Amino acid sequence: MKELCADPTLSDDCIAELAALTDTPAAMICPPPATKPTRFRDGVIWFTENFRFHKTSAIGLLARGIGDGEPAPVLQWLQAQQGGEVGWIDDGGEALAPPTLAAIADGYAGYLAALRHHAGTPESVFAAYGRFRVLCAQRNGARGVAQVNQLLENRFRPLLGAAASGSAWYAGRPVIITRNDYTLRLFNGDIGIALPGEDGALMVYFADAASGFRGLAPARVPAHESAFAMTIHKSQGSEFEHVLLLLPHQPNRGITRELLYTGVTRARRRVDLAAPAAVIDHAIRTLTQRHSGLLDRMEEIAAEA
């Protein structure tokens, strides 16, 4: 998709037609330059206005700095941020540092409080859960989503009064569906939260457009995993009031500018970045490179026609 959408330029004829259709002065229709010319000129529009946060907000400034591709000004700016919309925890160890763990505990404090006071419908619990999320850059490793989820479950289960048992289920466990199940109308990325039902039995509730929420017995829930933390990839299309973005303790080729930008821009009001300076530097410098050959093949097909 990135290759196919590389050329958002518009011809003069296209600009004139758009101006007439939308009653807009042609001079106001100013598409950005192409990253690579393609045969899809006049067929691609880039949306550049973000309505999740203002472009002059701290999150907006951070996102723009990441997009500019110059890490030194971003790191200098991050060092100056204290107590505002953006926070930086210079956490360079493989295991999470105490300040990172404290920030996560603070982020989920509202959710834990909503669970302790839960009575009746799941709305308040879902609302509290949706305000904060830990986003991991990787699935595996000490800072990967699997181990971070396990770490947070070990910390939160006692706070929720969940007895140690062989069961993975307890009241307050959030899960994310990892495989589509058309029979149950649950799909990859759907979020559920385990809560006591009217009879006290544990049910896993999912948002439902028709009925508000519907509950399933834990044994019926299709392929899933816990969701105190989720990958940046899984978070695409979502937004949260507050995000803690957790990067690995060492640079690697999977940590790119696009990944960092995506994680930061999931937040509406606050983002905390937990990572050493070297990883942030590497991420901002590293553009995702994809070479599918699709555009070249399309040119070949056009030439053969």
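**Exercise 1.** What is the volume of the second largest pocket, and which residues lie nearest its centre?

*Solution.* The model is a predicted one, in which local features need pLDDT of at least 70, side-chain atom pairs count only at pLDDT 80 or more, and totals for chains, interfaces and linings use all residues. Residues are numbered from 1 along each chain as its sequence is written, and side-chain values use heavy atoms, with hydrogens and water left out.

Start with the term: on a 1 Å grid over the protein atoms alone, a pocket is an open set of points where a 1.4 Å probe fits, with protein on both sides within 12 Å along at least five of seven lines, and lining residues have an atom within 4 Å of a point. The volume, which is the space filled by probe spheres set on the points, is about 270 Å³ for the second largest pocket. Of its 16 lining residues, Leu10, Ile29, Cys30, Ile45 and Trp46 lie nearest the centre.

**Exercise 2.** Describe how H2 and H3 cross, and list the residues in contact.

*Solution.* First, the axes (lines fitted to C-alpha atoms over the stretch in contact, with angles from 0 to 180 degrees between N-to-C directions) of H2 and helix H3 (residues 71-79) come within 9 Å and cross at roughly 155°. H2 is therefore roughly antiparallel to H3, a term for angles over 145 degrees. Next, taking contact as heavy atoms within 4.5 Å, we find Ala58, Leu61, Leu62, Gly65 and Ile66 on H2, and Val74, Trp77 and Leu78 on H3.

How values were computed: Helices (H or I, at least four residues) and strands (E, at least two) are DSSP runs, numbered from the N terminus. Angles under 35 degrees count as roughly parallel, over 145 as roughly antiparallel, 65 to 115 as roughly perpendicular and the rest as oblique.
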